[in-house]
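Please look over the structure shown here before reading the briefing below.

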Amino acid sequence: RPLTQEEIAHRRELAKRRHAEKLAASQGKELSEKPPSENSPEVTGNAGDTKGLTGQGDSMTSKAVKEEADNKEYFIAFARVFSGVVKRGQKIFVLGPKYDPAESLHKLSSQCPATDDLPAVPHMTCCTLESLYLLMGRELEDLEEVPAGNVLGIGGLQDFVLKSATLSTSPACPPFTPLNFEATPIVRVAVEPKHPSDMPQLVRGMKLLNQADPCVQVLIQETGEHVLVTAGEVHLQRCLDDLKERFAKVQISVSAPIIPFRETITRPPKVDMVNEEIGKQQKVAVIHQTKEDQNKIPEGIQVDSDGLVTINTPNKQATLSVRAMPLPEEVTRLLEENSDLIRTMEQLNTSLNEDKKTHEINQKTLDRIKEFKEKLEKGLQGRKWRNAVDQIWSFGPRKCGPNILLHNFGSYKRSVWQCLGNSVKEVGKYRDFDNSIVSGFQLATLSGPMCEEPLMGVCFTVEKWEISKAGDALSKSRQDSGELDATEHQQNEDNTLASSCTAEGPSANEQDRNQSSTDSPEKTSKHKAESVLADCYGPFSGQLIATMKEACRYALQAKPQRLMAAMYTCEIMATAEVLGRVYAVLSKREGRVLQEEMKEGTDVFIIKAVLPVAESFGFADEIRKRTSGLASPQLVFSHWEIISSDPFWVPTTEEEYLHFGEKADSENQARKYMNAVRKRKGLYVEEKIVEHAEKQRTLSRNK
């Protein structure tokens, strides 16, 4: 007959007791075999007394070891055997998610065993399987081997696996794709210890949390802040509690949640804020500052009516003309989805430009790049996008983002599609400084002009890039300066060798010295002129980077700017009697209902809505309070959405004055978000702290 639960538990206890007795016996043997040290105290009494002392010592040491073991955190890898038999003590390859067998098989054979003295292969390590466990509810049962098809726990992998990995006895095994989670980490907070001396514990605790939670991201920002990126408010609270109580065990201070935004541009609107067609109303005198005055263009920068910005470098040796255009939504989405492929393309192009001897590009990767190019061509159709895909110079920010840089000038031919075989070695005046233009574009897309947030869905076209003759000469002199220095150094070495070898040549040496001293003033004056040209405003490449960044910013400001907010998809289950309260909470938090349907056979409604991440804090608690716990929301990050209102809008027509008033101080959601981000980053915020200072409010009650 099958055993009952009580009998199974009783047998488990007996087995554990026998195991403990064996351990105690082996420890007792070791203690008895050790010679007594000089400092050990003499034990008087009979054999029974000494037995009692050793037994007590054993129990005390085992208790201390047990307490230490209880306090220590252990990581057990949760795994499934797909083929073969896993055995304890087996040597095995640990393959990371980015491991490529094609790279490793150049160095290893497919039948190579897992040993410690293997050559270094990226994303691959070797380890020994220390312990295998059967996961029995709260208990862990030790196992010697596990056949295919079973789920098991593996101990001792915490030093080899970060979040997920593939274990194999063969290096030819391709890694399984990592687990995909619906919840994308979007909410970030900065974390620091209350006592600065606890910083090492916090860093260690954050590493452990990063290993323990598959959905959390831990990173250090450029400012030096330690940041946690989590999926939402509840997940954030869980992570912070774990950090305090389990992993770091220190008191921590947490910043307010940092909500990410994106900046973009749109087509000029056809109707104004009171839904009247723009251009047909009578303009009235604007009493306060208009948008044009707010975005004053400095001297030396020309802006055309259609948004083309022309700007010179500080030393007037180069001129740039840049135009900004909004990308179609499907193209922006395509760039976001293929960011890993774009990063791979960038690495391949870099290795081609540096003439590195790389292994053959994988045919599968080439096919994916070709398919990506075809999709881009399909998305960028129309007169203004003619030949745009072939002219793509770079993606940004960080060379893999959802923004594009195009070149549309002269005979410049370099593009991002070099890895497809149509690589062109750029010659001429642009070759030395094209990386400076790309760097300026990367900086501009990383922090936009509104509130220093990354750009999204913007295409910048460089329509003119002229380098004057002086700038061209400067680049050539830069190129030749290295060769000149090398030849001069060689000549000096030859002179010294000649003077040491020849005994009767002092007069000739003196003549050479005199000649070189007469030549040196001309050389030094030439070098001085070059250094003045280069150093007055800094290196020419640096000037180009700064100029390109400014040109992109002004080109962006010449178009209608908008903020993009991160949006949650919100699914709410509620009964009919609390439906009105659910809608009230959603509308108060800028939510928008997409769909409402009744679950068949019940009185429960399923409501699908979108909600800005910025408005989601406290949403779950509020909706539960207002509906007495009858409605429960589920929030999952969905997409980025443009906030329709213009953050710089001011009334300019009579109808807008009548509707919004002279000050137009009704709540502008986009401006509110923009000012909140600017305040957090320490940027200038244009707002009046005190209005009508002569009017004072009386706080005391009138008697």
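Predicted model: local features only at pLDDT ≥ 70, side-chain atom pairs only at ≥ 80, totals over all residues.

Residues are numbered from 1 along each chain as its sequence is written, and side-chain values use heavy atoms, with hydrogens and water left out.

**The protein as a whole**
- The protein contains 17 helices and 24 strands; helices (H or I, at least four residues) and strands (E, at least two) are DSSP runs, numbered from the N terminus.
- Of the 703 residues, 36% are buried, meaning under 20% relative accessible area with a 1.4 Å probe, protein chains only.

**Helices α7 and α9**
- Helix α7 (residues 329-337) packs against helix α9 (residues 363-379) at an angle of about 160°, and their axes are 9 Å apart. Axes are lines fitted to C-alpha atoms, for helices over the stretch in contact, and angles run from 0 to 180 degrees between N-to-C directions.
- The two helices, α7 and α9, are therefore roughly antiparallel, a label for angles over 145 degrees.
- Glu 330, Val 331, Leu 334 and Leu 335 of α7 make the contact with Phe 372, Lys 375, Leu 376 and Gly 379 of α9; contact means heavy atoms within 4.5 Å.

**Met 564**
- Met 564 is part of strand β21 (residues 561-575), and it counts as buried because its relative accessibility is 9%.
- Phe 261 is 303 residues from Met 564 along the chain, yet their C-alpha atoms are separated by 5.7 Å.
- Not counting residues up to four places away in sequence, Met 564 touches several residues, including Phe 261, Met 456 and Trp 640.

Note on methods:
Parallel < 35°, antiparallel > 145°, perpendicular 65-115°, else oblique. Buried < 20%, exposed > 50% of the residue type's maximum accessible area, 1.4 Å probe, protein only.
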